[in-house]
Amino acid sequence: MKALVVEDDESVAQITKRMLEGDGFVVDLATNAQDGQTLAFVTDYDVIILDLGLPDGSGLQVIQALRRGARSTPIMVMTGSGDSETTVRALDTGADDYLSKPIKKDEFRARIRALLRRGGSQRTESLTTANLVLNRLSRQVLLDGKELRLSVKEFSLLEHLMTRVDEVVSRTQLLEKLWETDFDPGTNVVDVCVSRLRKKMREGGANVEIESRRGRGFILRETTT
């Protein structure tokens, strides 16, 4: 899953980023309205966390632009203002939910889960390939009905591959989607994660295999039984 946080307060942005990453999100950060709006139009996010008080304009303008541009991504508005009028304006403009700072971790996470359940029309809650079922909301993977315990990164890797079954996904794509983009392109972090995930799937009896394509990347394919 992928989230965008538009927040000019660095400490708040980093706290929000860590909370989302703890739930398996890959997070992009923007510190102003213009950058946030641009990212929201060029990237398919599962959720957008938006501060209303930005240095180059109001977050309300970003919401208006996205809704006029037919972007239906769920938007959670955050602001230091507890004014009910501000809340009403944000929701009427097109925001899906609203939280006042300081943010309470449990409430924030619960509201994000609720947004994902009712929002994101292009998003599928569960992914199924052969005898493997991945639930994006519960963050659970079932193999023949039994839970397959994965790390956060292993889950995100499997999720990404399951949305692209029978397609080759390059190491560079995986680094950009699942890890920080400033990773050394020569790192073997992707190969290590793939190896661990592949081992767990094989030991669990998955009828799915992650195959390597030399010089190209990886492909998730159903295996013949």
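Biologist: What is the area buried between domain 1 and domain 2?
Modeller: This is a predicted model, where local features need pLDDT of at least 70, side-chain atom pairs count only at pLDDT 80 or more, and totals for chains, interfaces and linings use all residues. Residues are numbered from 1 along each chain as its sequence is written, and side-chain values use heavy atoms, with hydrogens and water left out. Buried area is the accessible area (1.4 Å probe) that two parts lose on being put together, summed over both. Carbon and sulfur atoms give 52% of the area between domain 1 and domain 2, which is about 630 Å².

Biologist: How many residues of domain 2 are in contact with domain 1?
Modeller: An automatic or database assignment sets the domain bounds: domain 1 is 2-119 and domain 2 is 126-222. Contact means heavy atoms within 4.5 Å. On the domain 1 side there are 9 such residues, and on the domain 2 side 7.

Biologist: How many residue pairs are in polar contact between domain 1 and domain 2?
Modeller: A polar contact is a pair of N or O atoms within 3.5 Å; within protein, one must be able to donate a hydrogen and the other to accept it, and residues adjacent in sequence count only if both atoms are side-chain atoms. With both residues at pLDDT 80 or more, the count between domain 1 and domain 2 is 2.

Biologist: Is Lys-2 buried or exposed?
Modeller: Buried means under 20% relative accessible area, exposed over 50%, partly exposed in between (1.4 Å probe, protein chains only). Lys-2 has a relative accessible area of 11%, so Lys-2 is buried.
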